[in-house]
Amino acid sequence: RTKIIGITGGIGSGKSTVSKYIEEAGYPVYYSDIRAKNIVNDNQHLQQLIKELLGENAYDEDDLYDRKYVAEIVFNNEELLLKLNSLIHPAVRIDFENWVAQQTTDFVFKETALLFELKLNKTCYKSVLVTADDNCRLKRVMDRDNKTYREVETIMLRQMPEKDKVKLADFVIFNNEGLEELKAETKKVLAEIESL
Ligand code: ATP
């Protein structure tokens, strides 16, 4: 039976970078966020449900999900956002199950920003948290996305505090140093997981 390892972390923690290292080491990684972005276009049933919830304008003239429009109408409408997520999340869950069924390795990894928030850790064999100090994450995301301090801070404040995630995680990778150190830490955790 395939063992699922969840990888998570707050904005700018380095979870995508860690996931890339894990892929380079030969393990399959499911990127929930990227898959979700495809599913809203590819899953016809989901597309129908989203249009019923948000209107035809949720998709553009080419029938592609209009992320900007959707962000605008769910912004400051918590209830609508929850409803939208309650449509998208189960579809991603099913997509993940289908993906896992196709894998042949002993371990597979699932990268998701919402591992603990959605209690997806309960469906994982182990969880890996990538974390770094807030200042460090702020600076990295400002550089990466060309966002202001305030913009990144607003997103950070909406997420589950890192100290709560640390308590829930089986493995914690601290990413306050450089990329070489991050890669070395990732290898250490992989070795520990391999020995389970
Ligand atoms: P998000 O949730 O915002 O997508 P993430 O957790 O996936 O973020 P990454 O994209 O992996 O984080 O990292 C954020 C940015 O910081 C990237 O531009 C990445 O290259 C850079 N970065 C990550 N770790 C380090 C490090 N140790 N040293 C320098 N830059 C780093």
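Reply: **Packing against helix H5**

The axes of helix H2 (residues 32–42) and H5 come within 10 Å and cross at roughly 110°. Axes here are lines fitted to C-alpha atoms, for helices over the stretch in contact, and angles run from 0 to 180 degrees between N-to-C directions. H2 and H5 are therefore roughly perpendicular to each other. Helices (H or I, at least four residues) and strands (E, at least two) are DSSP runs, numbered from the N terminus.

A word on the source. This is a predicted model, in which local features need pLDDT of at least 70 and side-chain atom pairs count only at pLDDT 80 or more, while totals for chains, interfaces and linings use all residues. Residues are numbered from 1 along each chain as its sequence is written.

Now the contact itself. H2 brings Ser 32, Arg 35, Ala 36, Ile 39 and Val 40. They meet Ile 88, Ala 91, Val 92 and Asp 95 of H5. Contact means that C-beta atoms, placed from the backbone, lie within 7 Å. By class, this contact of H2 with H5 has 6 nonpolar, 1 polar and 2 charged residues. Ala, Val, Leu, Ile, Met, Phe, Trp, Tyr, Cys and Pro count as nonpolar, Asp, Glu, Lys and Arg as charged, and the others, Gly among them, as polar.

H5 (residues 78–101) also packs with helix H3 (residues 44–54). Their axes come within 10 Å and cross at roughly 175°. That makes H3 roughly antiparallel to H5. H3 supplies Leu 46, Leu 49, Ile 50, Leu 53 and Leu 54. H5 answers with Lys 83, Leu 84, Leu 87 and Ala 91. Here 8 residues are nonpolar, none is polar and 1 is charged.

Step back to the domains. Domain 2 covers 32–102, and domain 1 covers 1–28 + 108–196. These bounds come from an automatic or database domain assignment. Taken over C-alpha atoms, the two centres are 24 Å apart. Domain 1 puts 8 residues into the contact and domain 2 puts in 5. On the domain 1 side, strand S3 (residues 107–111) gives the most, with 3 residues. That side has 4 nonpolar, 2 polar and 2 charged residues.

Next, the ligand. The shell around it has 17 residues, and Gly 14, Ser 16, Thr 17, Arg 140 and Arg 144 come nearest. A residue is near if its C-beta atom, placed from the backbone, lies within 6 Å. Helices H1 (15–24), H6 (134–145) and H9 (179–194) each give two or more residues. The shell divides into 5 nonpolar, 8 polar and 4 charged.

Finally, two backbone details. Most residues other than glycine have a negative phi. Lys 119 has a positive one, near 55°. Lys 119 sits in the loop between S3 and strand S4 (126–131). Lys 119 is exposed, with 10 other C-beta atoms within 10 Å. Exposed means 12 or fewer such atoms, buried means 20 or more, and partly exposed lies in between, with C-beta atoms placed from the backbone. Asn 146 also has a positive phi, near 60°. Asn 146 lies in the loop between H6 and helix H7 (149–158). Asn 146 counts as exposed, with 8 C-beta neighbours inside 10 Å.

Note on methods:
Two residues are in contact if their C-beta atoms, placed from the backbone, lie within 7 Å. Angles under 35 degrees count as roughly parallel, over 145 as roughly antiparallel, 65 to 115 as roughly perpendicular and the rest as oblique.
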